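Please keep the sequence and the model open while reading.

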Amino acid sequence: MTAVATTLPAARRRPLRAALRRPSSAVAFAFLVLLVGCAIAAPVIAPHDPDAQELGNRFAGVSLTHLAGTDEFGRDVLSRLLYAARIAVTAPLISVGIAVLIGLPAGLWAGRRRGIVDAVTGRLADTLLSLPALASALAIVAVLGPGLTNAMVAVGIIFSPTVFRVVRGATMSVAEETFIESATAIGCSTRRTLWVHILPNIAAPLLVQVTILMGVALLAEASLSFIGLGVQPPDASWGSMLGAAYRSQYDAPYAVVPPGIALVLTVLTFNTLGDALRDVLAGRRSS
């Protein structure tokens, strides 16, 4: 049993380290580390108070005082970008964390038990997946009320069927392995089989899905903040900054550039890491 049980993890160990050997993935990971560092150190490195208004200095251009200019209230754009990096880090963590909390145990249980459990949870997931994601999130936020936490709870609920599908499929594949049959034969309970034997062996595909969903969650947060249902004033997020810049596009057409670039680079970072992990795992499965 021991020899068989170690075969599957050995084929999929350290996918992140293998993915980071690619130059694009290494650059993406370095940018992610920089983003987290900026989010943590924002109060120290921000040149101005992000909420301090200078109405006489609205839509100021790039200068030594304001390296990225000012917004419609004269607030320093660079400082607000740095503080908004906190939202860019925490918002995806909240939504994807909720999706994993819902989808992971349901997917494990459905993939292992099959039968009526699989049928009911599968139909429920199909129903949620058939609904337009943004419209569903808007409906949930309408019930819970606007705000970052409520918006990310809504996004997490919308993402949970996707996590469920990935976990269920991976669980069904691993459940056919000989070491799972051996664990069942020696009397391991279903709970122990799921969490001790199956979960470590589906961690890699789950990590890929989580990484990709982080970028999608950031876009969802930006979309909801853009229309005023996410982060509430005076707090800043890249989505709310884009919304304000859009409403002031005739006065300052360049105002969309800083938050737009930050949003694009961060989403591209998550997608690059997710694609690299997926390619590494696909190559190992085919080898």
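Helix 6 and helix 9 cross with a right-handed sense. The residues that form this contact comprise 21 nonpolar, seven polar and two charged. The model is a predicted one.

**Overall fold**

- Along the sequence, the element pattern of the protein chain reads α-α-α-α-α-α-α-α-α-α-α-α-α.
- The C-alpha trace spans about 75 × 45 × 30 Å along its principal axes.
- The protein chain has 287 residues, and 45% of them count as buried.
- Taking contacts between residues at least 6 apart in sequence, 74% join residues at least 24 apart.

**Helix packing**

- Two packed helices are described by the angle between their axes and the distance between the axes.
- For helix 6 and helix 9 (residues 148–174), the axes come within 5 Å and the crossing angle is roughly 35°.
- Helix 4 and helix 6 pack at about 120°, and their axes are 7 Å apart.
- The crossing of helix 4 with helix 6 is left-handed.
- On the helix 4 side, the contact is made by Leu35, Val36, Cys38, Ala39 and Ile40, and on the helix 6 side by Leu82, Ala85, Arg86 and Val89.
- By class, the residues of the contact of helix 4 with helix 6 are eight nonpolar, no polar and one charged.

**Largest pocket**

- The largest pocket holds about 430 Å³ of space.
- Its lining has 25 residues, and those closest to the centre are Glu72, Arg75, Ser240, Met241 and Ala244.
- Helix 6 (77–113), helix 12 (238–247) and helix 13 (257–286) are the elements that each give two or more residues to the lining of the largest pocket.
- Helix 12 contributes the most to the lining of the largest pocket, with five residues.
- The lining of the largest pocket is made up of 14 nonpolar, five polar and six charged residues.

**Second largest pocket**

- The space in the second largest pocket is about 270 Å³.
- There are 15 lining residues in the second largest pocket, and Phe31, Leu35, Leu81, Trp238 and Ala262 lie nearest its centre.
- Two or more lining residues of the second largest pocket come from each of helix 4 (23–40), helix 6 and helix 13.
- Helix 13 supplies the largest share of the lining of the second largest pocket, six residues.
- The lining of the second largest pocket counts 14 nonpolar residues, one polar and no charged.

**Backbone details**

- Most residues other than glycine have a negative phi, and most peptide bonds are trans.
- Pro233 and Pro234 are joined by a cis peptide bond, with omega about 5°.
- Pro234 is placed in the loop between helix 11 (190–226) and helix 12.
- Phe59 is not a glycine, yet its phi is positive, at about 55°.
- The loop between helix 5 (42–45) and helix 6 contains Phe59.
- Phe59 has a relative accessible area of 15%, so it counts as buried, the cut-off being under 20%.

**Selected residues**

- Asp235 belongs to the loop between helix 11 and helix 12.
- Leaving aside residues up to four places away in sequence, Asp235 touches Arg80 and Ser240.
- Ser240 is also one of the residues closest to the centre of the largest pocket.
- Between Asp235 and Ala84 the separation is 151 residues in sequence, and their C-alpha atoms are 7.9 Å apart.
- Pro105 is located in helix 6.
- Pro105 is partly exposed because its relative accessible area, 34%, falls between the cut-offs of 20% and 50%.
- Pro105 and Gly37 are 68 residues apart in sequence, and the C-alpha to C-alpha distance is 32 Å.

Key: Residues numbered from 1 in each chain as written. Predicted model: local features only at pLDDT ≥ 70, side-chain atom pairs only at ≥ 80, totals over all residues. Heavy atoms only, no water. 1 Å grid on protein atoms, 1.4 Å probe; cavity = no way out; pocket = protein on both sides within 12 Å on 5 of 7 lines; lining within 4 Å. Points joined across faces, edges and corners; volume = space filled by probe spheres on them. Helix = DSSP H or I, 4+ residues; strand = E, 2+ residues; numbered from the N terminus. Nonpolar A, V, L, I, M, F, W, Y, C, P; charged D, E, K, R; others polar. Axes fitted to C-alpha atoms, helices over the stretch in contact; angles between N-to-C directions. Left-handed = near helix turned anticlockwise from the far one by under 90°. Contact = heavy atoms within 4.5 Å. Buried < 20%, exposed > 50% of the residue type's maximum accessible area, 1.4 Å probe, protein only.
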